[in-house]
Amino acid sequence: MKPHIEIDACSGFCHGVVTAINKAEEELDRSDAPLYCLGDIVHNSDEVERLERKGLTTICHNDLDRLKGSRVLLRAHGEPPATYAKARRMGIEIIDATCPVVLRLQQRIKATYDATGPRPQIVIYGKAGHAEVNGLVGQTNGEAIVVENTDQLDRIDFTRNIALYSQTTMSLQGLAMMVAAINARIAPGVEFTYHDTICRQVANRVQHLRDFALAHDVVLFVAGAKSSNGKVLFSECLAANPNTFLLSRPDDFRLSMINDAQTVGICGATSTPRWLMEQVEQCIIDRI
């Protein structure tokens with residue numbers, strides 16, 4: 001008996017990624033002039049390759065030095081002020097596709113950093129080196145302290161005021177644990193403020209994906225190897241259903257993954273295109 005296959009209707013690109021991809025395609029259609037993207041437009045190699053076939057060229061920061069007068073798209077993750085400054089010096093036209101949620105977070109962190117009076121330690125709950133976090137740290141001239149888990153809290157001086165923010169794609173549970181750990185260690189009389197800056201479109205997927213995973217015998221979670229959000233959401237699915245497998249692309253599928261499953265669920269990260277999940281579905285259909 002062939003299994004019933006369901007693609008999760010709520011999985012796939014978040015609004016920020018959709019906007020960035022739409023902007024890239026609009027610019028590619030508008031002009032034949034080269035269009036560059038600073039870093040992978042989304043952490044999914046198949047979608048990056050699709051856009052490269054349409055004419056989008058992915059570059060790194062060092063490449064900006066040779067692209068005077070060109071067009072450069074900034075992806076949803078955002079960039080630090082230094083990137084904008086270099087673009088101005090090089091006469092580069094910026095197509096800014098920074099996610100509005102990330103942009104507001106950058107502005108809040110900069111306002112805290114620029115405020116008059118004693119400056120608190122700005123702590124960012126996030127993954128050091130992640131593109132979004134680099135943009136957030138840049139709002140503080142590199143002074144923000146990045147912590148990914150409570151084991152890294154020794155980087156903070158608990159005798160000084162603290163302002164805690166979060167990378168938009170971190171988990172709500174992880175943020176709550178961070179707040180509790182700081183409260184437990186902070187010195188008397190020290191001011192601690194924390195800001196829940198986690199994107200709800202991402203956070204609200206967690207419980208939905210748990211429910212989706214529980215509703216199927218086997219779950220195939222589709223996400224790019226570079227996707228931070230993918231790692232978080234995959235772990236949530238795996239915790240709910242041990243028969244969850246991570247696929248970067250359809251070629252990763254093995255018939256042994258589904259065995260005698262009656263229902264197979266296909267879902268993915270906020271960086272996973274719908275068409276890629278559909279290709280995984282077709283791969284199953286072709287092989288059973």
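The structure is a predicted model, in which local features need pLDDT of at least 70 and side-chain atom pairs count only at pLDDT 80 or more, while totals for chains, interfaces and linings use all residues. Residues are numbered from 1 along each chain as its sequence is written, and side-chain values use heavy atoms, with hydrogens and water left out.

**Helices α1 and α2**
- Helix α1 (residues 15-30) packs with helix α2 (residues 45-54) at an angle of about 15°, their axes lying 10 Å apart; helices are DSSP runs of H or I with at least four residues, and axes are lines fitted to C-alpha atoms over the stretch in contact, with angles from 0 to 180 degrees between N-to-C directions.
- The two helices α1 and α2 are therefore roughly parallel, a term for angles under 35 degrees.
- In the contact (heavy atoms within 4.5 Å), I21, E25 and L28 of α1 meet E47, R50, L51 and K54 of α2.

**Salt bridges**
- The whole structure holds 17 salt bridges, each a side-chain nitrogen of Lys or Arg within 4 Å of a carboxyl oxygen of Asp or Glu.
- R50 and E47 form one of them, with the closest N and O atoms 2.7 Å apart, and these residues are three apart in helix α2, about one helical turn.
- E47 is buried at 2% relative accessible area, whereas R50 is partly exposed at 22%; buried means under 20%, exposed over 50% and partly exposed in between, with a 1.4 Å probe and protein chains only.
- D63 bridges to R66, with the closest N and O atoms 3.5 Å apart; D63 counts as buried at 18%, while R66 counts as exposed at 55%.

Notes:
Angles under 35 degrees count as roughly parallel, over 145 as roughly antiparallel, 65 to 115 as roughly perpendicular and the rest as oblique.
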